[in-house]
Amino acid sequence: MQKRYAYIWFQFLLSDWLVIRRPEFKDIPFVFTVSDHGRMVITVTNYLAQQHGIKVGMRLADAKAICPQLEMIDGEADRPLKLLTGLGRWCIRYSPIIMLDNFSVEGVFLDISGCTHLWGGEANFSKEVVSRLKSNGYEVRVAIADTPGAAWAISRFGSKDLVIPVGEHIEALLPLPPEALRLSETIVSKLKKLGFYQIKNLVNMPRSVLRRRFGEEFLSRLGQALGTCPETFKLIDEPSLFQERLSCLEPIKTRHGIEIALEKLLVKLCMNLQKEGKGLRTGLLTCHRVDSKLVKIKIGTNVASNDPNHLFKLFELKIEQIRPGLGIELFVLDAVKVNSVIPEQEALWKGNNGLKDQNVIRLLDRIAGKVGARTIQRYLPAEHFWPERSYKNSMTIYEKPSSEWRTDQPRPTELLKKPEPVEVMSIIPDAPPKFFIYRDFRHTIVKADGPERIEQEWWLENGQHRDYYRVEDEAGQRYWLFRSGHYESEEGIKWFLHGFFA
């Protein structure tokens with residue numbers, strides 16, 4: 001496939017952005033300035049300021065003398081890049097590959113190979129992009145050519161016909177000035193002093209002569225424009241390895257329409273995942289609305305899945321979060337995180353597979369989609385004496401325990417993360433308590449069992465052992481209490497509540 005590139009040149013990027021935000025500046029000449037060694041220097045001008053002869057690099061005081069009604073706005077060094085990056089992400093509706101201009105922060109490149117047929121050809125594609133951006137308030141020129149360098153040159157210095165047919169980009173470059181090659185001002189000045197006012201005066205000269213007179217940068221830029229030298233760019237967003245896009249002939253406004261689009265995307269995505277032996281762990285659906293706003297919903301799974309029906313049920317729980325507004329014109333589905341899928345061996349009979357049962361895993365995924373992934377936890381035994389340290393969170397649903405759960409002694413249904421102090425009365429020092437006071441409420445104990453001694457983990461910290469008792473009060477509620485240390489110890493003793501039995 002022949003590579004084709006589009007370049008969108010935002011002629012008045014910052015000034016258009018300001019007018020969109022503050023319409024009162026539409027008919028006023030204004031500039032952006034920055035402080036440079038105590039002087040205010042102009043960095044950006046709008047069209048009306050240019051009409052008064054005000055240029056970038058001019059001092060604000062001189063500009064005010066030329067145009068007394070000139071308005072000044074404080075500039076920010078990183079604002080153009082942030083703005084251009086945001087506009088580039090908006091352009092993803094036209095191509096999945098968007099690249100920043102590495103020569104000037106005034107435009108973006110689009111790799112449109114295989115994309116323009118959706119708009120009926122490159123000419124209609126260009127008209128669509130220009131029309132949409134102008135309706136949003138940006139003055140742009142869009143050029144299409146075989147190389148990024150040629151598209152950049154044609155957009156800024158080309159004639160009215162900015163869509164260059166395949167294979168004709170060299171002829172389109174020949175009449176353009178040397179500035180169209182993205183050269184530094186020093187090289188451009190040297191070229192004009194020598195009488196080179198058009199690119200056609202240079203292309204047939206020996207490369208050794210051009211290198212000696214103008215340096216390697218000149219040859220590199222010339223080769224990039226002609227297509228004989230490769231060029232690298234920084235992508236605004238790295239495209240996902242597993243991504244599906246669906247453009248809509250008419251804006252989608254209904255839940256039913258969103259569900260149909262999602263089903264189509266999931267079927268295509270899962271087919272590609274199955275071919276690679278992969279499954280989705282995190283999925284992201286991005287809806288591009290007609291009003292240029294983005295709406296996103298995300299799902300996650302406990303194990304990698306390439307089942308479109310299961311994934312649709314997870315997305316279905318969040319479809320109500322999508323606000324289509326005036327309509328959605330593009331759906332993009334990304335498998336943000338994928339893992340290998342390990343097929344389970346089938347058996348002639350079905351037993352109790354526990355977490356290996358796919359139905360259980362899918363149920364957990366749906367519950368997590370409703371109540372949140374962090375609400376559901378799986379715990380594994382940890383090799384510690386202290387009860388609050390005797391478990392750990394499982395990293396994956398298939399993680400196997402390194403040791404067995406302790407089952408020789410009963411444990412409470414609810415274990416407090418941190419034992420809470422209580423006041424206790426006992427008849428003799430080592431006997432179970434007769435009553436205890438917890439949160440200002442007295443519990444009279446009618447039954448007790450214990451003690452169960454758990455020693456301190458001396459290799460981790462110093463401290464007393466614990467004597468645990470299972471007790472039941474007059475209301476039939478059961479608790480897990482412990483005494484820290486002996487009565488005769490110098491440190492004294494303290495009682496704590498550590499859990500509740502069912």
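Mentor: A residue is called buried when its relative accessible area is under 20%, exposed when that area is over 50%, and partly exposed in between. Keep in mind that this is a predicted model. The spot I pick is Thr 286, which sits in strand β9, residues 278-289. Its relative accessible area is 7%, so Thr 286 counts as buried. What does Thr 286 touch, once its neighbours within four places in sequence are left aside? The contacts are Leu 294, Val 295 and Lys 296, together with Leu 330, Phe 331 and Val 332.

The whole structure holds 25 salt bridges. In one of them the side chains of Glu 106 and Arg 156 meet, with 2.9 Å from N to O. Glu 106 belongs to the loop between β5 (98-100) and β6 (107-111), while Arg 156 belongs to helix α6 (residues 148-157), so this pair ties together parts that are 50 residues apart in sequence. The two partners fall in separate classes of accessibility: Glu 106, at 31%, is partly exposed, whereas Arg 156, at 17%, is buried.

Arg 255 and Glu 259 both lie in helix α11, residues 255-275, and are four residues apart, or about one turn of the helix. Their closest N and O atoms are 3.0 Å apart. Arg 255 is partly exposed because its relative accessible area is 38%; Glu 259 has 16% and is therefore buried. Elsewhere, salt bridges with shared partners join Arg 93, Glu 128, Arg 132 and Glu 329 into one network. Arg 211 also has a salt-bridge partner, Glu 216, with the closest N and O atoms 3.0 Å apart. With a relative accessibility of 40%, Arg 211 is partly exposed.

Next comes a sheet. Three strands form an open sheet in the order β3-β2-β4, and the pairing is mixed. The edge strands, β3 (39-45) and β4 (71-74), each pair on one side only. On average, and with direction ignored, neighbouring strands of this sheet are turned by 45° against each other. Strand β2, residues 30-36, runs parallel to β4, the two being paired over four bridges. Phe 30, for instance, has Glu 71 in β4 as its bridge partner. Helix α1, residues 13-21, packs on this sheet and touches β2, β3 and β4. The direction of α1 makes about 120° with that of β2.

Which residues make the nonpolar patch of about 520 Å²? They are Phe 385, Trp 458, Trp 459 and Leu 460. Phe 385 is placed in the loop between β12 (379-381) and β13 (391-393). Its relative accessibility is 46%, so Phe 385 is partly exposed.

Conventions: Residues numbered from 1 in each chain as written. Predicted model: local features only at pLDDT ≥ 70, side-chain atom pairs only at ≥ 80, totals over all residues. Heavy atoms only, no water. Pairing = 2+ DSSP bridges. Axes fitted to C-alpha atoms, helices over the stretch in contact; angles between N-to-C directions. Contact = heavy atoms within 4.5 Å. Patch = residues over 30% accessible without salt bridge, like charges linked within 9 Å, V, L, I, M, F, W, Y side chains within 5 Å. Areas by Shrake-Rupley, 256 points an atom, 1.4 Å probe, with all protein chains shown as cover. Salt bridge = Lys/Arg side-chain N within 4 Å of Asp/Glu carboxyl O. Buried < 20%, exposed > 50% of the residue type's maximum accessible area, 1.4 Å probe, protein only.
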